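User: I would like the terms used for this model checked against their cut-offs. Please take them one at a time.

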Amino acid sequence: MASASSVSLMLLVAAAMASAASAQLSATFYDTSCPNALSTIKSAVTAAVNSEPRMGASLVRLHFHDCFVQGCDASVLLSGQEQNAGPNAGSLRGFNVVDNIKTQVEAICSQTVSCADILAVAARDSVVALGGPSWTVLLGRRDSTTANESQANTDLPAPSSSLAELIGNFSRKGLDVTDMVALSGAHTIGQAQCQNFRDRLYNETNIDSSFATALKANCPRPTGSGDSNLAPLDTTTPNAFDSAYYTNLLSNKGLLHSDQVLFNGGSTDNTVRNFSSNTAAFNSAFTVAMVKMGNISPLTGTQGQIRLNCSKVN
């Protein structure tokens with residue numbers, strides 16, 4: 001049997017390995033090699049979100065779906081592959097905005113700024129453009145040469161997830177329960193398709209009846225009827241990044257099953273109450289969790305490549 005000291009040493013080594021990748025990321029990574037990279041990304045994101053507020057949520061989701069599968073490596077941007085997985089097919093969007101940003105950045109610094117870093121920065125700039133908090137994005141990720149469709153089918157949380165499934169899903173990526181509840185708060189913006197909340201509307205009881213009735217008008221019961229019809233995840237302030245998502249949960253107005261499970265008599269109820277009444281606490285937890293998520297298994301140094309076109313390997 002291993003001694004206590006050797007066990008603690010192994011744990012230290014594991015922790016050091018986990019933080020080594022994030023330690024190679026740096027807020028100043030492009031300061032010399034591409035000093036205008038961040039301002040270029042910001043202006044393009046702000047323009048895209050101003051012309052279509054929903055795009056902010058779409059860009060945040062791209063970064064999330066990227067990080068949760070092979071790590072924050074832009075594998076989600078490779079044509080086909082992960083894009084064909086159940087959680088992504090027919091719902092991931094914003095590729096045109098990313099391509100536009102990449103074109104602009106390549107024009108000022110050729111083959112310097114990765115698609116993975118563009119996703120991380122665009123997520124932050126989207127949140128800011130919709131009135132949410134800012135944070136320092138660590139940079140230096142490189143782009144993968146592979147993608148993993150089967151992993152996208154298993155590792156991305158489903159809208160039907162239970163609380164235990166969500167906790168496990170995030171835990172496997174190194175994110176704790178508070179991170180999970182805070183990151184779910186990104187549903188203060190964006191929209192979901194009827195096929196992802198139909199079962200909740202017609203079969204669940206922990207849903208405000210007038211809220212359900214209003215939604216049923218655009219989401220008929222028969223499967224295949226209006227499947228892709230959209231509803232805002234936060235009906236109160238759909239285009240503002242705020243804490244209304246949590247207030248909605250307190251009154252059983254979570255759109256997805258995986259939203260309402262956060263406030264349904266379980267272990268996360270108090271966190272939802274806290275975020276609902278304390279926007280500063282939510283903003284703080286959200287920014288911490290976004291930095292942690294952005295540090296999931298990045299490729300650094302000489303790993304991977306800097307793609308010239310985000311949708312295909314060089």
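User: Why are glutamate 106 and lysine 102 said to be separated by about one helical turn?

Analyst: Glutamate 106 and lysine 102 are 4 residues apart in helix α4 (residues 95-108), which means about one helical turn between them. Helices here are DSSP runs (H or I, at least four residues), as strands are (E, at least two), numbered from the N terminus. This is a predicted model, in which local features need pLDDT of at least 70 and side-chain atom pairs count only at pLDDT 80 or more, while totals for chains, interfaces and linings use all residues. Residues are numbered from 1 along each chain as its sequence is written, and side-chain values use heavy atoms, with hydrogens and water left out.

User: What makes glutamate 106 and lysine 102 a salt bridge?

Analyst: A salt bridge is a side-chain nitrogen of Lys or Arg within 4 Å of a carboxyl oxygen of Asp or Glu. The closest N and O atoms of glutamate 106 and lysine 102 are 2.8 Å apart, so the pair meets that definition. By this rule the count comes to 9 salt bridges.

User: How do you know whether the salt bridge of arginine 124 and aspartate 125 has buried or exposed partners?

Analyst: Arginine 124 and aspartate 125 meet at 2.7 Å, N to O. Arginine 124 is at 11% relative accessibility and counts as buried. Aspartate 125, at 2%, counts as buried too.

User: Where in the chain are aspartate 155 and lysine 173, the pair that links distant parts?

Analyst: The side chains of aspartate 155 and lysine 173 meet in a salt bridge of 2.8 Å, N to O. Aspartate 155 is in helix α6 (residues 149-155), whereas lysine 173 is in the loop between α7 (163-171) and α8 (177-184), 18 residues apart. Aspartate 155 is buried at 19% relative accessibility, and lysine 173 is buried at 18%.

User: How is the chain divided into domains, and how many salt bridges are counted between them?

Analyst: The chain is divided into domain 1 (36-156) and domain 2 (163-293), with bounds from an automatic or database domain assignment. The count between domain 1 and domain 2 is 1 salt bridge. Their C-alpha centres lie 22 Å apart. The area buried between them is about 1,800 Å², of which carbon and sulfur atoms give 71%; buried area is the accessible area (1.4 Å probe) that two parts lose on being put together, summed over both.

User: How do you know how confident the predictor is?

Analyst: pLDDT is the predictor's confidence in each residue, from 0 to 100. The chain averages a pLDDT of 94, and 93% of the residues score at least 70.

Technical notes:
Buried < 20%, exposed > 50% of the residue type's maximum accessible area, 1.4 Å probe, protein only.
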